[in-house]
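User: Can you walk me through some side-chain details here? I'll jump around a bit.
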Amino acid sequence: MLFVQSKTDGGPHCYYSLQNIRDLYYFGHGHQYLLALHEFTQLAGKIPMPPRFALGVFYSRYWAFSDVGQKEVVANYVAHRIPLDVLVTDMDWHITFYKEASEGKKDQAGESIGWTGFTWDKHLFPDPKAFLDWCKANGLRNTLNLHPASGIQPWEEKYVEIA
């Protein structure tokens, strides 16, 4: 970043390159924090509050859980009266190829095969919709851990529709 003095108004101009000018804002409010926030929102617009669950308790573990295994985790939280807001279903929710990956096999994108996936592993989650409905009925948000490095691969259930 380069600061130069303007030839027209004498003030500093911020350049990321000699061809590109950027606006530079300085908020100097001392300890007047509310005024600083007010003036920032006047410039940038109102910022929505994150949803309450996003500030809550998450459970995440890199493990090949099944729907039954994740329900057991939730049951332990309930039994110990520990709140739980978000259940992270790690990457084994989708089809993986651990044997082939351990042999060094790569997918079409050159990534370790099975790292990326968009098709539920029906051995671990025979009825994905029922599992997600169960999470919702129990007041849980669910997030699926996804590593999208490889895009959509030919073995994916919706490959033809998406690719």
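User: Is K122 buried, exposed or partly exposed?

Analyst: K122 has a relative accessible area of 43%, so it is partly exposed. This is a predicted model.

User: Which residue does K122 form a salt bridge with?

Analyst: K122 pairs with E157. Their closest N and O atoms are 3.9 Å apart. The two sit 35 residues apart, so to speak in distant parts of the chain: K122 in the loop between helix 3 and helix 4, E157 in the loop between strand 6 and helix 5.

User: And E157, buried or exposed?

Analyst: Exposed, because its relative accessibility is 55% and the cut-off for exposed is over 50%.

User: How many salt bridges in total?

Analyst: The count is 4. Among them is D133 with K129, at 2.9 Å from N to O. Both residues lie in helix 4, 4 residues apart, about one turn of the helix. K158 and E161 also meet in a salt bridge, at 3.8 Å.

User: What follows helix 4?

Analyst: G139 follows it, with a positive phi near 75°.

User: Switching to aromatics. How many pairs?

Analyst: There are 6 aromatic pairs. One of them is Y59 with F65. Their ring centres are 6.2 Å apart and the planes are at 70°, so this pair is edge-to-face. Both Y59 and F65 are buried.

User: What about W120 and F125?

Analyst: They also form an edge-to-face pair. The centres are 5.3 Å apart, with 65° between the planes. W120 is buried at 16% relative accessible area. F125 is buried at 0%.

User: Which ring does the charged end of R61 sit over?

Analyst: The ring of W63, 4.2 Å from its centre.

User: Next, Q153. Where is it, and is it buried or exposed?

Analyst: Q153 lies in the loop between strand 6 and helix 5 (159-162). Its relative accessible area is 2%, so it is buried.

User: Which backbone atoms lie by its side chain's polar atoms?

Analyst: The backbone nitrogen of Q108 lies 3.3 Å from a polar atom of the Q153 side chain. The backbone oxygen of S150 lies 2.8 Å from a polar atom of that side chain.

User: Which contacts does Q153 make outside its sequence neighbours?

Analyst: Leaving aside neighbours within four places, Q153 is in contact with D107, Q108, A109 and Y159.

User: Last one. Where is K105, and what is it in contact with?

Analyst: K105 is in the loop between helix 3 (98-102) and helix 4. It is partly exposed, at 46% relative accessibility. Leaving aside neighbours within four places in sequence, K105 is in contact with E100, E111, S112 and I113.

Notes: Residues are numbered from 1 along each chain as its sequence is written. This is a predicted model: local features need pLDDT of at least 70, side-chain atom pairs count only at pLDDT 80 or more; totals for chains, interfaces and linings use all residues. Side-chain values use heavy atoms; hydrogens and water are left out. Rings of Phe, Tyr and Trp (its six-membered ring) pair if their centres lie within 6.5 Å; planes under 30 degrees apart count as stacked, over 60 as edge-to-face and the rest as tilted. Buried means under 20% relative accessible area, exposed over 50%, partly exposed in between (1.4 Å probe, protein chains only). A charge sits over a ring if NZ of Lys or CZ of Arg is within 6 Å of the ring centre and within 35 degrees of the ring normal. Contact means heavy atoms within 4.5 Å. A polar contact is a pair of N or O atoms within 3.5 Å; within protein, one must be able to donate a hydrogen and the other to accept it, and residues adjacent in sequence count only if both atoms are side-chain atoms. A salt bridge is a side-chain nitrogen of Lys or Arg within 4 Å of a carboxyl oxygen of Asp or Glu.
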